Amino acid sequence: MIRLSLPDKPPWMEWISDYIATLKPKDADLNAYILHSPALLYGPIRLSTVAHPKTFSRASTHSWMGRSGRTDRACQPIVGSLPAGRLQFAVLYKGIKREAIFSTLASHPLDRNTHQVQARSLYEQPAPGNVDMATCSSVVASASQEGMQHKPRTYTPSPWGDFFMHHQPCAPSELLLMKEKAQVKEEEVRQIIIDTGASSELVLKLELVDTLQRIGVDYHYMKEIDELLRSIYDTKGEGCDELYITSLWFYLLRKHGYSVSSDVFVRFRNDQEDFKSDNVNSLLALYDAAHLRTHGEEILDNAITFTKSRLQSMMKNLDPELEEEVRYTLETPRYRRVERIEARRYISVYEKKAMRDEAILEFAKLDYNIVQALYCEELKALSIWWKDFQARTFLVFARDRMVELHFWMLGVVYEPQYSYSRIMLTKLMQIVSLFDDLCDNYSTSEENRIFTAALERWDEQAVEKLPTYLKALYINVLNTTDEVVEELKLQNNKHAELIRKLVIDTAKCYHAEVKWRDEHYIPHTVEEHLQISLCSSICMHIMSLAFISLGDVTTETIEWALTYPKIIKDVCIIARISNDIVSHEREQASEHVVSTVQTCIKQYMVTVEQANEKLRTIIEETWMDIIQECLDQKQPMEVLHKTVHLARTTDFLYKREDAYTLSFSLKGVLTSLYVNFV
């Protein structure tokens with residue numbers, strides 16, 4: 001029995017089937033798993049083989065009819081010694097050479113009657129139209145030699161595989177019904193906002209805005225919420241006579257860029273400058289509010305220290321649900337949470353509240369499920385693209401994290417109207433991730449230099465100078481990026497051409513790290529390290545690409561983002577240090593650029609643990625800088641908020657470990673985000 005994985009076999013696949021069948025290893029079945037690409041489904045095709053050395057004394061030559069209707073003859077067979085049990089195929093199609101090496105694992109049978117044929121490598125490169133098979137032979141040999149010279153770290157496979165190519169969270173009719181119900185509930189909630197705005201009760205207004213934001217539906221009511229917050233700000237704190245109300249007032253206004261003074265908390269302190277409250281909800285609200293501090297606000301610094309200590313001492317006496325809320329808040333204050341993750345979590349929390357509003361709850365559930373279905377459509381399209389990209393590219397060195405990258409980009413632009421932005425960003429960041437893995441995990445310094453130089457040329461002819469295993473990657477990077485540029489142009493996006501420049505610049509950033517690594521240079525201070533390592537955090541590139549993808553962002557804003565302004569530099573610092581803290585030990589086990597952890601150890605002559613604490617202090621100070629930038633409002637709040645979104649998502653991914661690399665730790669969160677309805 002011969003089993004081929006191609007769903008639609010071209011004529012030459014029948015020839016391969018017949019050829020493999022003639023080997024007849026003992027009396028066993030032989031399963032052939034043939035890697036393929038849509039490009040190979042159309043002839044004419046030339047095929048050359050080396051037969052099983054123990055079975056044939058010479059290679060066979062066959063002919064067949066290609067799909068174009070033309071008859072072609074096989075070229076001369078590849079010659080050369082191969083270990084017993086190895087089959088080698090080389091295919092030439094329309095200037096594209098493909099080579100696949102297959103090995104029978106006779107020494108490790110699946111069972112005593114079965115041998116397996118496995119694909120060992122697949123390369124693709126452009127070639128002149130009249131390349132003979134001697135050239136193909138040399139390509140195969142050089143590719144094999146190159147593979148032996150590289151010893152990449154192994155990464156865990158994607159936890160998702162092809163799941164999203166087939167996953168459909170609900171039937172189309174069910175989705176349509178949910179959308180109809182959601183439209184009705186959306187207007188009911190809008191009326192609740194209008195009625196509450198007309199009320200004189202400050203706490204009702206504050207809690208409504210807070211609920212809409214935490215439960216994930218505030219993006220439907222941005223105009224109404226802005227008007228409500230403006231009216232609250234205009235009252236100058238009138239009605240803030242309790243710590244809980246004052247904390248929530250301060251938190252919401254600062255979050256939206258209103259410069260309110262932290263002196264409003266002075267009256268809630270006793271003679272020892274501790275806060276006069278043992279109410280858990282008040283302390284939680286104060287803890288969240290205090291994390292919107294800027295430099296020099298001592299009262300908020302003290303509030304964090306006091307509330308953290310007080311809440312920790314109270315936890316053992318709380319009921320389980322409140323204890324979990326305290327634990328979650330102490331780990332990640334509200335301002336730093338990823339909005340879609342918080343929405344899913346808070347729907348469950350709000351559902352248990354006695355004072356919940358049923359219209360808000362039902363709308364939140366419907367909206368969450370509708371948006372989840374959209375995310376799944378995006379992941380299906382991305383999975384098809386990524387599977388095709390993988391089939392045509394040598395990626396043994398790379399992490400397979402397409403779903404995780406979609407989540408990362410979703411953290412920046414989560415609203416349903418930004419579907420194209422998420423797809424575009426995920427594709428481009430997948431390419432950037434490949435650049436990162438190539439530099440860190442596979443290529444030699446010289447190979448990386450050649451690859452980066454070829455990208456700067458942005459010319460398919462540059463592929464001729466690349467190592468064999470990089471040829472397909474190079475072509476596919478160019479093709480994917482060019483497709484994005486053309487898509488943006490069709491949307492009349494006047495910044496489309498910047499996409500290529502940003503992709504090239506990411507490769508240059510990683511290559512700069514390679515040169516730095518090879519020099520074995522350890523910066524003298526963490527500040528010096530950050531000055532030269534921020535670029536490779538790629539946060540500037542993510543935000544610039546995001547702003548371009550939105551289409552309605554001004555040229556001035558995009559030019560601003562490209563200059564590494566203070567708030568984007570702050571996000572880069574959080575990403576760089578957070579990544580280094582959780583991945584330092586793993587990455588330093590192999591040759592890798594020096595981390596901020598090592599630099600901090602050298603600078604202060606401290607242990608790893610002490611260095612990590614010093615670096616976490618830098619992260620806290622950087623969050624203060626971010627708050628100040630949002631209060632200064634040198635750009636529209638929408639631009640600043642999306643930049644903060646990136647900081648939040650990055651903080652989440654590197655909170656306990658490098659969850660992007662060790663992605664199985666994200667499986668539960670992403671299942672709730674993409675798979676399970678509320």
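User: What percentage of the 678 residues in the chain is buried?
Analyst: This is a predicted model, in which local features need pLDDT of at least 70 and side-chain atom pairs count only at pLDDT 80 or more, while totals for chains, interfaces and linings use all residues. Residues are numbered from 1 along each chain as its sequence is written, and side-chain values use heavy atoms, with hydrogens and water left out. Buried means under 20% relative accessible area, exposed over 50% and partly exposed in between (1.4 Å probe, protein chains only). On that scale, the buried share of the 678 residues is 57%.

User: How many helices and strands are there in the chain?
Analyst: Helices (H or I, at least four residues) and strands (E, at least two) are DSSP runs, numbered from the N terminus. By that rule the chain has 25 helices and seven strands.

User: What space lies in the largest cavity?
Analyst: A cavity is a set of points on a 1 Å grid over the protein atoms alone where a 1.4 Å probe fits but cannot get out; lining residues have an atom within 4 Å of a point. Grid points are joined across faces, edges and corners, and a volume is the space filled by probe spheres set on the points. The whole structure holds five cavities of 30 Å³ or more. The space in the largest cavity is about 480 Å³.

User: Which helix gives the most to the lining of the largest cavity?
Analyst: The lining has 31 residues, and those nearest the centre are Arg399, Asp436, Tyr510, Asn579 and Tyr654. At least two lining residues each come from helix 13 (402-412), helix 14 (419-441), helix 17 (498-518), helix 19 (539-550) and helix 21 (566-588). With six residues, the most is given by helix 14.

User: How many residues of the lining of the largest cavity are charged?
Analyst: Asp, Glu, Lys and Arg count as charged; Ala, Val, Leu, Ile, Met, Phe, Trp, Tyr, Cys and Pro as nonpolar; the others, Gly among them, as polar. The lining divides into 14 nonpolar and seven polar residues, and the charged ones number 10.

User: At what angle do helix 8 and helix 9 pack?
Analyst: Axes are lines fitted to C-alpha atoms, for helices over the stretch in contact, and angles run from 0 to 180 degrees between N-to-C directions. Helix 8 (residues 280-290) and helix 9 (residues 298-314) have axes 9 Å apart, and their packing angle is about 145 degrees.

User: Which residues does glutamate 415 contact, leaving aside its neighbours within four places in sequence?
Analyst: Glutamate 415 sits in the loop between helix 13 and helix 14, and it counts as buried because its relative accessibility is 8%. Its C-alpha is 7.3 Å from that of tyrosine 219, although the two are 196 residues apart in sequence. With contact meaning heavy atoms within 4.5 Å, its partners are Tyr219, Arg422, Glu638 and Lys642.

User: Is threonine 622 buried or exposed?
Analyst: Threonine 622 belongs to helix 23 (residues 608-632). Residues up to four places away in sequence aside, threonine 622 touches Asp570, Ile573 and Ile574. Because its relative accessible area is 3%, threonine 622 is buried.

User: What is the phi of histidine 520?
Analyst: Histidine 520 is in the loop between helix 17 and helix 18 (526-533), and it counts as exposed because its relative accessibility is 63%. Although histidine 520 is not a glycine, its phi is positive, at about 55 degrees.

Definitions and conventions: On a 1 Å grid over the protein atoms alone, a cavity is a set of points where a 1.4 Å probe fits but cannot get out, and a pocket is an open set with protein on both sides within 12 Å along at least five of seven lines; lining residues have an atom within 4 Å of a point.
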